[in-house]
Amino acid sequence: MPHLPHSVELHDSRVSSIDLEGGIATVRLRPAYVHRDGKGWSQHADLIIQESTVEGNQTEFPAAIADGILRTGQGPYQNLLNLPLTAHGPVSLELEFFSGKASTIRATSAEVVLVGAPVFVEDVSGQI
C-alpha cells in the first residue's frame, strides 16, 4: 500500500486567520492536517504568500477548509501541499470553506512553514 507524500491536507485543516501586512499574506493553519510516513498528524503551519492580494468573502475565522487548490508554475496542488513547498512565479491559492464562502490569494511566491511539534492523530497507511 503506497504512503501519501509528506504533505499538508487542506481539506482537514482549519484557517485561524489570514493576516495581510506589507503585501505578505500569512494563512495561519491552526491546526493543519499533515501526512507523513503513512500517519496523520496535527501541526500548526503558516502558508506565507509574497506580494499578494486577497479576494473573497470569508471574513470570520477560524474557518474549516472544505477544499483548496494552490496553482503554481510547477502545477496545481489540489488539496495536498507537498512538503517542503516553496513556489516562485505567479501563484494563486483558492480556499473554499464549509461556510460556503471562499478566499483567493494571488501572489508571486508561496512557502509552507511548519510551526511547533506535530501531534499524532491516526494511522492512515491502510486507508489508501
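A residue counts as buried under 20% relative accessible area, as exposed over 50% and as partly exposed in between, with a 1.4 Å probe and protein chains only. The model is predicted, so that local features need pLDDT of at least 70 and side-chain atom pairs count only at pLDDT 80 or more, while totals for chains, interfaces and linings use all residues. Residues are numbered from 1 along each chain as its sequence is written, and side-chain values use heavy atoms, with hydrogens and water left out.

**Exercise 1. Describe the overall fold and dimensions of the protein chain.**

Step 1. Helices (H or I, at least four residues) and strands (E, at least two) are DSSP runs numbered from the N terminus. By this criterion the protein chain has 0 helices and 10 strands.

Step 2. The radius of gyration is taken over C-alpha atoms, and the globule rule is 2.2 Å times the number of residues to the power 0.38. For 128 residues a compact globule would have a value near 14 Å, and the 14 Å of the protein chain agrees with this. The C-alpha trace spans about 40 × 30 × 25 Å along its principal axes.

Step 3. Of the 128 residues, 41% count as buried. Contact means heavy atoms within 4.5 Å. Among contacts with a separation of 6 or more, 65% come from residues 24 or more positions apart.

**Exercise 2. Determine the strand partners of strand 6 (residues 63-72).**

Step 1. Two strands pair if DSSP finds at least two bridges between them.

Step 2. Strand 2 (residues 14-21) runs antiparallel to strand 6, and 2 bridges join them. Within this pairing, V15 stands opposite A63.

Step 3. Strand 9 (residues 86-97) also pairs with strand 6 in the antiparallel sense, over 6 bridges. Here L70 stands opposite L93.

Step 4. Strand 7 (residues 75-78) is joined to strand 6 by 4 bridges, again antiparallel.

**Exercise 3. Is T26 buried or exposed, and which residues does T26 contact?**

Step 1. T26 is found in strand 3 (residues 24-36).

Step 2. T26 counts as buried because its relative accessibility is 12%.

Step 3. Leaving aside neighbours within four places in sequence, T26 is in contact with S17, I18, D19, D46, L47 and I48.

**Exercise 4. Locate H6 and list its contacts from elsewhere in the sequence.**

Step 1. H6 lies in the segment before strand 1 (7-9).

Step 2. With a relative accessible area of 29%, H6 is partly exposed.

Step 3. H6 and L80 are separated by 74 residues in sequence and by 9.2 Å in space, C-alpha to C-alpha.

Step 4. Neighbours within four places in sequence aside, the contacts of H6 are V34, H35, R36, L81, N82, L83 and L114.
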